[in-house]
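Reader: I have a model open on my screen. Please show me how to read it.

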Amino acid sequence: MQLYKNQQLKVHNSLSGKKEPFEPINEGHIGMYVCGPTVYSNVHLGNCRTFMSFDMIFRYFKHLGYKVRYVRNITDAGHLENDADEGEDKIAKKAKLEQIEPMEVVQRYTVDFHNTLQQFNFLPPSIEPTATGHIIEQIEIIKEIIDNGFAYEINGSVYFDVIKFNETNDYGKLSGRKLEDMIANTRELTAQSEKRNPQDFALWKKAEPQHIMRWPSPWGDGFPGWHLECTAMSTKYLGETFDIHGGGMDLKFPHHECEIAQSEASSGKSPVKYWLHANMLTLNGKKMSKSTGNNIYPSEIITGENDILSKAYSASVVRFFMMQAHYTSILDLSDEALLASEKGYYRLMDGMDNVSKLNTGASSDFDVKSWLQKCYDAMNDDFNTPILISQLFEAVKHINLIKEGKESITEADKTLLQNTMTTFVHEILGIENQAAAEDNSQTLSGVVELLIGLRNEARSNKDFATSDKIRDELIALGIQLKDGKDGTTFSLK
RNA sequence: GGCAUCGUGGCCGAGUGGCUAGGCACAGCUCUGCAAAAGCUUGUACAGCGGUUCGAAUCCGCUCGAUGCCUCCA
């Protein structure tokens, strides 16, 4: 189904700073590149949020019927610790620290990355290329940039000539910076640099003898600069110009700015039609930082083994929490906020469980069709998941009213409602019903039904001590009884 | 210091020149043996100070504060 023909999507393009109608370069097809993690430590919760935003975007594109090629790289080499001069590879540093091979570091944290994303119900990207697997492609781009006169070699290293580039192109157009300002604000460099100008960045760095990760090149043994891999891999798999490039806000400068420069300097074309940037996640109102202890890992939230939160929260709740904020807004994670989201999450899940049980009638008090379009309108407005969720709660309200017999719904509307809820919650937001998936087994419901029966017996005998005991001890086990007009049901908390 | 994003009711979080976000919490009511669950009702908020306008929380300026990048940190 090519839904995209009927839904006009708008996206916030960081390049223009405006919301623009989304029109892919090739009709029906989308190329999307997202900067993936550097696998030198456990994946950070803030990274998870960024990737989750793009996972949702990927899901929505697919839902609209686009054929999407989603490329998310793994950075397993090449990122220097700083851009100045004498940098060390983050991975090489970690390898030294742990006394293992660099590729062991890479393997360990790539596995952690995949495991974590799986817990949060991520869809795998179409291609997940690695930097070390594309050294040749990176070297080829450097050659092109040198041939076009925008890079120079010194002592086995190659640098991008930003000032030269800025004469014919606009360096800083993405991040709103002006080269003159950057030059004026440059600080004194402590180490002497072989770069012509401090703004220049490395395309290829010569490997010192002790450097473990190294590859041969026309300029001697070395390793690629930190912005080059994304240019090489996005060009290889998506072409010189593609639709969407995403990443965290923190990558806007210099990383994405340099990517634009590299592409324009090699192919002569601006690489990306729409730049999308996901905003940061803070913890208790402050930035996350390992050094101050204001930091939490995804696994620590799920297990509850941390000093920051009062309890454990399921991956589904965390995902729901993140989807309640717009991807371009800073989101603050706190115990209070998670607690509130958890309750809302269960309310939504209960609502979804109840749809199938609704009795149908001759007419509908709930205009499902116009509600459905409101859901699309929310997503079409730059993937506004908070508004979508508010619409989902609107539906929950009607579901509950129908359940209580205060409103009615036709069979056709009920089916449409059920399908739409499933589509938006599970397929697009990627939120699962964790409790139901985990242990809502036949045996359990049989046992609880039995207890409900015993409790009702006690109640009709006015033996409230017994009936309350059953109710209270079940709630202590996480099973909530719900007394309604048509008897008692239960749900897991 | 520069650039960027932002500052919304008790909390989280949308929106944006005049008209309802939503969730959680709180209160009242309905329901109940009492509760819980569910439903209904209520909240007139938009950092501060100026300016533009018939009208601004929404536009402009300044101030303060937060977060990100520029510098190791996601």
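Author: Start at the RNA: a backbone N or O atom of Phe253 lies 2.7 Å from a sugar or linking oxygen of RNA strand B. Such a polar contact is a pair of N or O atoms within 3.5 Å. This is a predicted model, where local features need pLDDT of at least 70, side-chain atom pairs count only at pLDDT 80 or more, and totals for chains, interfaces and linings use all residues. Residues are numbered from 1 along each chain as its sequence is written, chains are lettered from A and ligands numbered from 1 in the order written, and side-chain values use heavy atoms, without hydrogens and water.

Reader: Which residue has a side-chain N or O atom 3.0 Å from a base nitrogen of RNA strand B?

Author: Asp468. Ser175 instead uses a polar backbone atom, 3.2 Å from a sugar or linking oxygen of RNA strand B.

Reader: Which helix gives the largest share of the surface near RNA strand B?

Author: H13 gives the largest share, seven residues. Helices are DSSP runs (H or I, at least four residues), numbered from the N terminus.

Reader: How do I read a helix face?

Author: An α-helix has 3.6 residues a turn, so residues three or four places apart point the same way. In H2 (residues 90-98), Ile91, Ala92, Lys94 and Ala95 are buried, meaning under 20% relative accessible area with a 1.4 Å probe, protein chains only. Down the axis of H2, its buried residues fall within an arc of 160°, so they line one face. The arc uses directions from the helix axis to the C-beta atoms.

Terms used: Buried < 20%, exposed > 50% of the residue type's maximum accessible area, 1.4 Å probe, protein only. Helix = DSSP H or I, 4+ residues; strand = E, 2+ residues; numbered from the N terminus. Polar contact = N/O pair within 3.5 Å; in protein donor to acceptor, adjacent residues only side chain to side chain.
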